[in-house]
Amino acid sequence: MYHTPAWETVMGLEVHVELSTKTKIFCGCTTAFGGEPNTHCCPICIGMPGVLPSLNKAVVEYATKAGLALNCEITRYNKFDRKNYFYPDLPKAYQISQLYLPICRNGGVEIEAEGGGRKVIGIHEIHMEEDAGKLVHDPATNATMVDYNRCGVPLIEIVSEPDFRSANEVIRYLEKLKAILQYIGVSDCKMQEGSLRADINLSVRPAGSEAFGTRTEMKNMNSFKAIGRAIAGESARQIHLLEHGGAVTQETRRWDDDKNESFAMRSKEDAQDYKYFPEPDLIPIEISEEVIEQTRRSLPELPEAKRRRYVSELGLSEYDAEQITASKVLVALFEQNLAAGCPAKELANWIMGEVMHLLSESGKEPEDIPFDYGSLGALIGMVEKNEITRSTAKKVFKAVFEENCDPVEYVEQHNLKTVTDTGAVKTVIEEVIAANQKSVEEYKSGKEKALQYLIGQSMRALRGKADPQTVTAILKELLG
Amino acid sequence: MNLETMTALELGAAIRKGEISAVEAAQFSLRQIETYDSRFSCFVTVQDDILQRAEEVQKRISVGEYTSPLAGVPMGIKDNMCQKGVQTSCGSRMLANFKPTYTATAVEEIMQAGAVPLGKLNMDEFAMGSTSETSWFGATKNPWNAECVPGGSSGGSAAAVAAGECFYALGSDTGGSIRQPASFCGVTGIKPTYGSVSRFGLVAYASSLDQIGPLARDAADCAAVLGEIMKRDVKDNTSVATQGVNLDAVLHYDVKGKKIGIPTDFFGDGLDKDVAATVQTAARQLERMGATVEQFDMPIVKYAIPAYYIIAAAEASSNLSRYDGIKYGYRPEHVDDLLDLYTRSRSEGFGMEVKRRIMLGCFVLSSGYYDAYYRKALQAKALIKAAFDRAFERYDLILGPVAPTTALKIGENLADPLKMYLGDIYTVMINLAGLPAASVPCGFDRKGMPVGMQLIGSYFHETDILGAAHAYQQVTDWHKRRPAGLDNL
Amino acid sequence: MMITDELVTYLEALGRIRLPEESRAKAQRDLQEILQYIDTLSELDTEGIEPLSHALPLTNVMREDEVQPSIPPEEVLANAPVRKDNYFLVPRSFE
């Protein structure tokens with residue numbers, strides 16, 4: 001445990017999600033990740049004098065979708081505002097955002113609560129805004145280099161209520177958020193590319209207290225592991241301060257995952273005053289009831305509904321259903337093979353077992369699944385039809401995972417089909433018995449272990465292609 | 001053919017008929033610039049490709065590609081409109097070396113019509129001022145009296161037309177910046193309805209108020225220019241599709257039966273007697289032409305300047321934050337750190353008036369003051385618009401002075417910013433309401449300086465404004481008068 | 001509203017500008033005068049009036065999500081006072 005139960009950690013999240021529209025929010029430049037520095041830019045996104053923003057329709061559509069999927073109310077009359085501050089990654093020195101009339105409000109996401117049961121994390125609001133550029137330190141000149149490629153990529157900022165009480169809850173919420181946004185196709189949510197980043201507002205209070213403590217903010221966390229450590233570290237720091245007569249200062253801190261410590265960001269000389277005011281270059285956006293209904297109808301089945309259906313209709317365990325529905329890719333893998341006639345529970349076992357195992361072994365995310373989804377079903381089908389044994393199937397799957405080969409062809413080529421001819425099996429076993437007389441005698445003198453050895457030798461001789469139960473039965477029969 | 005007195009439309013017609021070539025017209029303007037610009041300092045930049053452009057335009061006219069009535073006519077562009085590869089300084093040290101890689105939509109449209117741009121015209125720094133004295137490149141002088149200011153901020157545009165250095169010019173108007181210099185220099189200028197000319201490529205001062213429009217020798221020329229540039233632009237979210245201006249309707253407009261309202265509040269304290277008398281004479285002239293003229297009260301007038309300066313300064317403080325010495329613009333040689341880069345680039349790059357408005361803007365937007373100032377100003381704006389909406393239920397046009405005085409002496413207002421701001425009393429409310437309004441020459445004061453009357457129309461009624469102005473110019477010749485001494489240098 | 005020396009300093013900081021020392025006092029007086037005049041707006045009764053940002057009642061002007069070519073980095077950086085390769089360069093901006 002990272003703190004004594006005498007303290008409770010309270011957290012709220014601000015999650016920035018880059019939308020996967022083709023173009024930036026206010027100009028026609030591509031949103032493609034990467035690219036040589038300053039090649040995805042135009043006079044608009046680099047804030048040249050006299051240029052004007054031109055709002056991308058898809059951004060409003062995607063934000064509406066996200067809001068509906070997160071159970072929010074959609075604001076009918078939307079405006080944009082300017083948030084003014086100077087920083088080299090912000091070429092206009094203001095960010096076009098929404099302060100007064102955010103597009104979505106009052107939503108929520110259900111997660112598994114710490115200590116069991118389910119819990120709703122409230123979503124205070126979601127607003128549309130533009131991303132900033134990238135600063136790169138240049139050791140040669142000890143200066144900072146600026147790349148505006150990301151500048152103007154559309155973002156939604158999802159602001160939660162202070163409903164989190166543990167790092168696990170935070171991570172479950174982020175996983176759920178990621179799954180939902182991927183399902184509805186509004187973001188790829190690739191944390192390593194910065195398309196999902198979380199700011200964590202964290203405070204601690206004596207357990208049982210209603211009042212909130214003074215909070216700090218840790219910005220731009222972009223890995224689940226770092227988030228877990230940052231929450232533990234920052235809670236411990238605040239508790240230590242309070243237990244030693246100190247006080248928490250309201251400030252922005254940077255989590256240094258290498259040092260496993262948070263650091264206060266240098267406070268600017270003057271107070272931050274964003275001088276918000278309505279963006280005069282953009283006119284209001286009205287979202288009609290009709291459009292909202294249309295969007296609502298166009299949403300696919302969301303993870304929460306799927307999870308319930310998988311349990312109630314397909315008989316999956318709560319755990320398996322939760323894990324599979326947490327990833328759009330796993331759902332696709334599951335549903336495609338289910339549709340092809342694969343038995344649900346068997347399929348779930350394979351996904352939770354072999355697929356997850358090989359993914360974690362190779363350090364990959366579900367998004368990186370390297371084989372044709374249908375291969376898994378084909379493989380399971382062969383097992384179901386007793387064409388191959390379960391252990392053969394695992395070996396074949398490894399090859400499928402590594403080489404994306406066709407499992408049926410692979411089995412054919414490597415001659416891995418189960419030997420169904422019991423006469424042939426018998427012949428092989430007889431040879432094994434003949435060659436292992438010592439073990440035969442040990443078995444006959446009552447050593448059960450010797451039988452296991454003989455089964456092993458027989459399976460090896462059969463190259464795994466026979467059903468172990470059949471082999472056992474024949475062995476026992478032959479040994480009398 | 002007397003090019004010195006010709007209007008843009010007359011020159012355009014002569015070019016189309018082959019009586020004169022676009023190249024000859026450009027050569028004439030170049031000579032005019034050479035002769036007069038050292039006296040009046042209208043141009044910040046004279047383009048070096050004028051004759052090539054004129055040749056190309058002439059070719060395209062000859063093959064029937066350019067058919068606009070303005071094709072081949074030499075013109076000038078206020079130095080806050082971007083033109084690819086041409087220095088666009090906004091009269092500021094900050095942008096003294098800035099060459100945009102893109103062109104303002106309005107400039108593009110006028111080029112499509114076969115315009116021959118001569119260069120970029122001087123202005124108050126970032127269009128903040130009413131005298132054209134705050135330019136980093138020095139003050140422009142009034143061709144009617146070189147000791148006087150030409151008005152501002154489009155002072156270079158107005159003076160260049162008055163001095164005959166160009167046949168018409170594009171200016172911009174945020175709080176009177178086309179109309180007031182037009183009035184001071186005796187030319188005709190119009191600020192069209194907000195949103196009817198794209199602002200894309202116009203370096204922003206106050207985004208919700210800025211609007212591009214023409215300054216020219218008469219109302220018909222203004223109508224012709226608007227005919228080319230009033231177009232909806234996808235690059236400007238605030239731009240609207242309009243009917244444009246019907247030149248033919250302007251040329252045949254009859255003021256008979258039109259109702260003209262005169263706000264009594266436009267004739268209160270601070271209005272110069274000569275200006276008042278001249279504008280009233282013009283009103284009687286319109287009456288004689290068959291219009292009915294009626295006075296009405298508009299007490300909201302006194303709140304227009306406070307509301308305007310709050311909104312304009314607030315937007316300006318934000319719009320001008322992008323000048324940080326990083327992507328373009330002025331940057332000192334050596335800087336200590338990031339804050340030093342910002343502070344010194346901006347302190348050395350901006351002049352005093354710009355700094356003043358940035359500070360004022362920061363103040364009215366700063367936390368704790370937003371509601372009392374900015375929000376309140378937006379409410380005043382709503383009331384001003386409502387007052388005009390009510391007036392236009394009764395009147396086709398509203399008439400009044402453009403400015404309380406004629407052109408002042410150079411330096412007279414520079415030391416007293418508030419006094420300068422008060423000079424905007426009759427013009428700023430039009431920008432707040434987003435209405436179209438023109439300045440039309442209607443006489444002279446006792447010192448021989450031009451006086452303009454302001455004709456204000458309802459939204460998208462540019463044709464009414466310019467039609468009435470044209471009809472007036474058919475029976476008066478104020479717009480044809482030229483500053484003494486221009487010919488005999 | 002009094003424009004104090006501290007307020008002038010604060011406004012300079014907000015706007016990232018510094019007034020020349022010799023014109024500070026006058027600038028403060030001018031701002032005071034301007035603000036006093038602007039304060040007359042407080043007399044105007046605006047009870048219940050909806051603030052008006054845009055004079056024309058436009059809504060929903062948006063563009064399609066279609067990629068337009070970006071400009072070459074040479075143009076992006078054409079006016080940069082200082083650059084390194086295809087980056088803009090600023091004094092060290094990391095904590």
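Let's start where two chains meet: the contact between chain A and chain C takes 45 residues from chain A and 33 residues from chain C, two residues being in contact if their C-beta atoms, placed from the backbone, lie within 7 Å. On chain A's side of this contact, β9(A) gives the largest share, 5 residues. The elements giving two or more residues there are α1 (57-69), β8, β9 (143-147) and β16 (285-286) of chain A. Helices (H or I, at least four residues) and strands (E, at least two) are DSSP runs, numbered from the N terminus.

Before going on, a word on what you're looking at. This is a predicted model, where local features need pLDDT of at least 70 and side-chain atom pairs count only at pLDDT 80 or more, while totals for chains, interfaces and linings use all residues. Residues are numbered from 1 along each chain as its sequence is written, and chains are lettered from A and ligands numbered from 1 in the order in which they are written.

Back to β9(A), which takes part in an open sheet of 4 strands in the order β8(A)-β9(A)-β2(C)-β1(C), with antiparallel pairing. Two strands pair if DSSP finds at least two bridges between them. At the edges, pairing on one side only, sit β8 (134-138) of chain A and β1 (83-84) of chain C.

Now have a look at chain C as a whole. With 3 helices and 2 strands, chain C runs α-α-α-β-β from the N terminus on. Its radius of gyration is 23 Å, well over the 12 Å that the globule rule gives for 95 residues, so chain C is more spread out than a compact globule. That radius is taken over C-alpha atoms, and the rule is 2.2 Å times the number of residues to the power 0.38.

Finally, hop back to chain A for a pair of helices. Helix α9 (residues 373-384) and helix α10 (residues 390-403) of chain A pack at an angle of about 165 degrees, their axes 10 Å apart. The axes are lines fitted to C-alpha atoms over the stretch in contact, with angles running from 0 to 180 degrees between N-to-C directions. α9(A) and α10(A) are therefore roughly antiparallel, a label for angles over 145 degrees. Among the residues that meet here are Leu379(A) and Met382(A) from α9(A), and Val396(A) and Phe397(A) from α10(A).

Definitions and conventions: Angles under 35 degrees count as roughly parallel, over 145 as roughly antiparallel, 65 to 115 as roughly perpendicular and the rest as oblique.
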